[in-house]
Amino acid sequence: MSYLIYVINGPNLNLLGQREPELYGGKTLRDVEKSCIETAKKYNAKLKFFQSNAEHDLIDWIHASREEANGVIINPAAFSHTSVAILDALTLFEGPIIEVHISNIHTRENFRHHSYVSQKATAVIAGFGTEGYNIAIRKMTDLCGQLKTS
Ligand code: CA2
């Protein structure tokens with residue numbers, strides 16, 4: 001069975017690879033998207049990849065995911081630490097959710113240690129760099145396979 005996975009990225013991630021490589025690595029978001037597409041193919045999954053700097057776009061994509069996606073992978077970026085609205089939107093999604101952070105948010109400033117999104121996430125991946133997205137896709141196909149159909 002082929003699953004459709006939404007990969008949603010929050011603010012400033014469009015600048016990936018252009019600044020702070022010591023924190024976020026040297027790959028651009030386009031590189032990450034290509035790598036995710038390759039990984040998804042290996043696991044016979046389809047992928048839609050999004051990025052926006054606007055909170056309402058992320059919320060709209062989460063709403064759209066309810067109609068067609070089997071699973072959601074989300075790096076909410078700074079909205080992780082601030083957005084009850086994104087948490088509320090995710091609460092309406094019934095499938096598995098994996099929260100990804102490129103850096104290990106727990107070894108950084110205190111304000112990054114709490115994520116609203118984690119409350120609704122099935123799993124959280126942090127600190128594996130951009131490889132975390134590929135790990136999330138692999139694990140998402142496992143999670144989707146475990147879903148009850150009745
Ligand atoms: O580690 C992560 O993936 C984060 O979600 C990245 C967010 C940060 O606010 C979270 O606490 C952890 C920041 C994304 C900013 O992306 C940049 C990319 C390139 C250069 C500068 C920032």
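## Helix packing and ligand site

In this predicted model, helix H3 meets helix H4 through Glu55, Leu58, Ile59, Ile62 and His63 on the H3 side, and through Ala85, Ile86, Ala89 and Leu90 on the H4 side. By class, this contact of H3 with H4 comprises 7 nonpolar residues, 1 polar residue and 1 charged residue.

**Helix geometry**

- Helix H3, which spans residues 55-68, and helix H4, which spans residues 84-91, pack at an angle of about 5 degrees, and their axes are 9 Å apart.
- Because angles under 35 degrees count as roughly parallel, H3 is described as roughly parallel to H4.

**Ligand surroundings**

- There are 17 residues around the ligand, and of these Asn75, His81, Ile102, Ser103 and Arg112 come nearest.
- In the side chain of Ser103, an N or O atom lies 2.6 Å from an oxygen atom of the ligand, while a polar side-chain atom of His81 is 2.7 Å from a ligand oxygen atom.
- For Ala78, a polar backbone atom is 3.4 Å from an oxygen atom of the ligand.
- On its own the ligand has 500 Å² of accessible area, of which the protein covers 93%.

Conventions. Residues numbered from 1 in each chain as written. Predicted model: local features only at pLDDT ≥ 70, side-chain atom pairs only at ≥ 80, totals over all residues. Heavy atoms only, no water. Axes fitted to C-alpha atoms, helices over the stretch in contact; angles between N-to-C directions. Helix = DSSP H or I, 4+ residues; strand = E, 2+ residues; numbered from the N terminus. Parallel < 35°, antiparallel > 145°, perpendicular 65-115°, else oblique. Contact = heavy atoms within 4.5 Å. Nonpolar A, V, L, I, M, F, W, Y, C, P; charged D, E, K, R; others polar. Near = heavy atom within 4 Å. Polar contact = N/O pair within 3.5 Å; in protein donor to acceptor, adjacent residues only side chain to side chain. Areas by Shrake-Rupley, 256 points an atom, 1.4 Å probe, with all protein chains shown as cover.
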